[in-house]
Every structure is written in C-alpha cells, then in structure tokens.
Amino acid sequence: METVWLLLLVFMIATYVVLDGFDLGVGVLHLLLARNRAEQKQIMQSIAPLWDGNEVWLIAAGGTMMMAFPGFLSSMFSGFYLPLTMVVWLLIFRAISIELPHFLEDSLWIHFWNMMLFVSSGLLIVILGAAMANVFRGVPLNESGDFFEPLWTNFRIGGQTGILDWFTILSGITSATVLLHHGALWLVAKTDGTVQQRALKTAAWLWGASVLLTVITFAACYQVQAHARGNFSSHPWMWILPVLALLALGGSSLFRKRQRHLTAFLCSGGFIYLFIFGGTAALYPNLLPGLNPEHHLTIYNTSPSTEKLATTLWWWIPGMILVGVYFTILFRSLPPVISASSTDEH
C-alpha cells in the first residue's frame, strides 16, 4: 500500500510540473517573444483560463503527502522552510502579475508587472529544479528525521551541504531549460502568426539545450546518489525509464518539425513524467535520503498504518475522478488557436 501511495503522490507532483510548468515557461517567454502589447495579450490569453487551476495540483499533492507520508511532509517543511517561504511569495507575485495588468492603463505599471511575471516565473522554475535535486541528493537528517541546511556553503557535495551547490544549480538550470521548452511548445500549439513563428524558433534551440543538459544531469544524478547506482545495478529494467524519457524528448522535436504541434507538446509532457518517475525509482524506497544512510526517510517509516492508507484511498479515488473530469472539460473548451485579432481588453 505504501508503494501505491508513492506512485499516486509522484503522479500528482509530476502532473503539477507538467501543467503549471508550461504556464511558468510562458510567463518567462511572454516578455521575450512579444514585441507589443497585442502580442503579450495573445500569449497570456493562451494560459489565462488554466494557470490558477493548474496550481491546484500543487495543493492537492501537498494534501496527499500529508495523508500518506506525514513524517516526510513535516521534515520537508521544517528543513526547507526558507525556500518554501520564497516559493509562497513568488506564487503570490506571479498571480498578481498575471491578473493586475488587465486593470491598468499606464504603460509603465504594465511593463513593471510584466517584468515581475518574468522574474517570479523564472525563479519558480529554477527553485523547483533545485528543490527536486536537494531531495535526490540527500540532506543531513538526524536520528529524529530533522535537518537544517543553509542557503549555501562551499557549493560542494559533502558533509556540509547547502540548499545551493553545483548539483542543485545544474538541476535548476536544466529545469528552467526544459520548462521553457515545454512552454514554447504550448505557444506553438495554441498561437498563430509571428508569435507562433518566434516560439517555433525558440523551441528549436531550447530543445538542443534540453537534450544536452538532460544528459549531463542524468550523469550527475548517477554519480551523486549512491543509492541510485545500487538500484539501477540491481534492477537493470529501470534503465527503460531514462531511455523512454530521451525518446519522448526526441519525439517532441520530430513532431514539431512535422508540424504536429499538440503531439510535440504531449511528448514534452511525457518526458517530464518519465524524468520524475525515473528519479523516484532510483531513490525507492527512500523519500528523502539522509547523508547518513541510517537516517533515510522511507515510504515505510514516514507513513501511517496500512489500514489508514487503504481507507484514505477510497476518498482519494472519487476526488481525483472529479478533478480529471473538470480538467478534461476545461482543456476541451479552449479554442484551438489564440490569434492576436481575437484578444480583447478583458
């Protein structure tokens, strides 16, 4: 039952990254691809009905974590208190930056909030990647499951780790590149005209950067986490996950060149799912590795009884069915393409 809940939790986290990831990518790209206010509005209209709903998956993942692995949640929130506080403030600024410009007429204030959207979305992407890297690398857990990390120390991996080191910075840069590519493919699929053409060119070079950084990050992950090396050595079938991830990334380029833009976007989402599930398989059964192997937080020592997990599952299933129906209706109700001529002043 613990493994079932781990799969459900990782599915929800990956779904948040896939759905809110293209929103965040668009939040950065809107300032880089648009040349005037009409094009900015065209870009933002592509995510306007979706961005706040996509964030619900983050809340739902937190609720699932609290139900299934409360020990993991309490350790994470105490040890990563500073970066989590930063994430909350960035989410607030992002929301304001998306909604407020609709009610402003002064070009200076509009540009200011567009810049805030660019900064908050970009930092959220980087912090998201760095946070996942911290979980993968491991933290200085004590026997009680508590830990503290400064923002940085010497940027090396060792006994005195910081939230930022060369590995987490590399992961943050990789996350930014992958999600910007994801966002660019969304714009290619949902816009037309000059915005689409610029998004196509941007997606092309972001794809190359994503491939390079993904391979480097895979190699770094294999070297940094000894438990991952052991899992991949003892279970060779797990190599299918990174291989499929790279194939999905390759598919996003193939279908983009064939002008099957929505399929290219879905391949990008598949790559993100496979990347995250591959990292989970590498750590299994650990949720949060300790630098001391005796202090790992696992799916077994952070969860309630099997009976409670089974009971909770009967509440989780109908809730997720409702969420799935809602998101299906929401995405199917979107117009096929957002054109510059169709944007309004909302």
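Biologist: At what angle do helix H8 (residues 193-224) and helix H9 (residues 226-234) pack?

Modeller: This is a predicted model, where local features need pLDDT of at least 70, side-chain atom pairs count only at pLDDT 80 or more, and totals for chains, interfaces and linings use all residues. Residues are numbered from 1 along each chain as its sequence is written, and side-chain values use heavy atoms, with hydrogens and water left out. The axes of H8 and H9 are 5 Å apart, and the packing angle is about 100°.

Biologist: Is H8 roughly parallel or roughly perpendicular to H9?

Modeller: Angles under 35 degrees count as roughly parallel, over 145 as roughly antiparallel, 65 to 115 as roughly perpendicular and the rest as oblique. The H8-H9 angle is about 100°. That makes H8, relative to H9, roughly perpendicular.

Biologist: Which residues of H9 make the contact with H8?

Modeller: Contact means heavy atoms within 4.5 Å. H8 contributes Tyr-222, Gln-223 and Val-224. From H9 come Ala-226, Arg-229, Phe-232 and Ser-233.

Biologist: How do the axes of H6 (residues 107-137) and H7 (residues 166-190) cross, left-handed or right-handed?

Modeller: These axes come within 7 Å and cross at roughly 135°. That makes H6 oblique to H7. A crossing is left-handed if the near helix is turned anticlockwise from the far one by less than a right angle, and right-handed if clockwise. The crossing of H6 and H7 is right-handed.

Biologist: How far apart are the end C-alpha atoms of residues 313-331?

Modeller: UniProt, in an unreviewed entry, lists residues 313-331 among its "transmembrane region" features. The chain there is 100% helix and 0% strand. Its end C-alpha atoms are apart by 26 Å.

Conventions:
Axes fitted to C-alpha atoms, helices over the stretch in contact; angles between N-to-C directions. Helix = DSSP H or I, 4+ residues; strand = E, 2+ residues; numbered from the N terminus. UniProt positions renumbered as here; feature names shortened; annotations may be inferred.
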